[in-house]
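Below are my notes on the model, as numbered points.

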Amino acid sequence: MKILFKLLVVLTLLLLGYGFCQAMYIAPTEATMGDVQRIFYYHLPSAWVAFLLFFVNFLASVWYLVRRTIGADALALASAEVGVSFCTIVLITGPIWARPIWGIWWTWDARLTSTLVLWLIYVSYLVLRHYATGGQVPVLAAALGIFGFLDVPIVYMAIRWFRTQHPQPVIGGGQGSGLHPAMWHAVLWNLAAFAMLALVFVLIRYQQALQEYALEEAHAQASLDYETEGAQ
Amino acid sequence: MNPSANNAYLYAAYVVVWVVHCVYAFSLASRARRMKREAGELAASARKGVSGGPY
């Protein structure tokens, strides 16, 4: 199992390296924006991977509420945590790209605002998991994860439903939209690389969450043994 | 890729991506070290017997 995981890590690093080459050197320079458009190859895959991770969190949260298994709760926590890190990248690279193109770092349009709200929802999920105590925390977190996920389709559709500063969809945007095939390659290679990186992070965090449960149980058992011994 | 004034933004975005990922990877590594230490302490206390107090 460890060998498989090491292979996964090596494959991820290779993909990240190849994705970098695709984004920086192989993909053609965009005619209007120039080289700064290459931020797209990190911005878009990070957003898609974050959406995917929040979807995993949604499924795991539903599964936890139905079955109450530790594994589902651990997966929900791991996917939310890694999803937040990817969503953070989206929220930082977006303004860095916007500044030279729009002339502003930020604007409160529907896409940007709903993405910020999404990030805040999952940060609050992690704060709840980290600071709240008591047996009901996983249940409350699962409820927050399920309702929080409702913002993902809103973020995705925001540029279709509203007039926004954020560009209209380039991919799946109907007639006249689309990417140069070489740009598509760069997007897909980086998407694969970031998805693999997310998988590595989620697997590690999932294992750690299970170990945290085991440690908590061991601590509780030790305290119980101590109290029993004191009573005798 | 051609050198231009806008490249500073591209490099900044690239650095941000890897800083965020490295910070997260570091947090995973430090959590793993902490849990390993806690598990070691718990095992050592268990070997001594429960009279050492709550852990």
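1. A residue is called buried under 20% relative accessible area, exposed over 50%, and partly exposed in between, with a 1.4 Å probe and protein chains only. On that scale Leu210(A), at 27% relative accessibility, counts as partly exposed.

2. Conventions. This is a predicted model, in which local features need pLDDT of at least 70 and side-chain atom pairs count only at pLDDT 80 or more, while totals for chains, interfaces and linings use all residues. Residues are numbered from 1 along each chain as its sequence is written, chains are lettered from A and ligands numbered from 1 in the order in which they are written, and side-chain values use heavy atoms, with hydrogens and water left out.

3. Fold of chain A. The chain has seven helices and zero strands, where helices (H or I, at least four residues) and strands (E, at least two) are DSSP runs numbered from the N terminus. Read from the N terminus, the order is α-α-α-α-α-α-α. The C-alpha trace of chain A spans about 80 × 40 × 30 Å along its principal axes. Of the 232 residues in chain A, 45% are buried.

4. Contacts within chain A. A contact means heavy atoms within 4.5 Å. Taking contacts in chain A between residues at least 6 apart in sequence, 73% join residues at least 24 apart. Leu210(A), placed in helix H7 (residues 181-231), touches Ile70(A), Gly71(A) and Ala74(A) when residues up to four places away in sequence are not counted. Leu210(A) and Ala74(A) are 136 residues apart in sequence, yet their C-alpha atoms are 6.3 Å apart.

5. Aromatic pairs. Rings of Phe, Tyr and Trp (its six-membered ring) pair if their centres lie within 6.5 Å; planes under 30 degrees apart count as stacked, over 60 as edge-to-face and the rest as tilted. The count over all chains is 18 aromatic pairs. One of them is the tilted pair of Phe55(A) and Phe149(A), at 5.6 Å centre to centre and 45° between the planes. Phe55(A) is in helix H2 (residues 40-67) and Phe149(A) in the loop between helix H5 (137-148) and helix H6 (151-161), so the pair ties together parts of chain A that are 94 residues apart in sequence. Phe55(A) is partly exposed at 35% relative accessibility, whereas Phe149(A) is buried at 14%.

6. A pair within one helix. Tyr122(A) and Tyr125(A) also form a tilted pair, with 6.4 Å between centres and 45° between planes. Both residues belong to helix H4 (residues 110-131) of chain A and sit three residues apart, about one turn of the helix.

7. Ring pairs link Phe20(A), Tyr25(A), Tyr42(A), Phe86(A) and Phe194(A) with Tyr14(B) and Trp18(B) in a cluster.

8. Interface. How many residues of chain B are in contact with chain A? There are 29, and they meet 37 residues of chain A. The buried area (accessible area, 1.4 Å probe, that two parts lose on being put together, summed over both) is about 3200 Å² between chain B and chain A, with carbon and sulfur atoms giving 74%.

9. Salt bridges. A salt bridge is a side-chain nitrogen of Lys or Arg within 4 Å of a carboxyl oxygen of Asp or Glu. Two are counted between chain B and chain A. Arg31(B) forms a salt bridge with Glu81(A), with the closest N and O atoms 3.8 Å apart.
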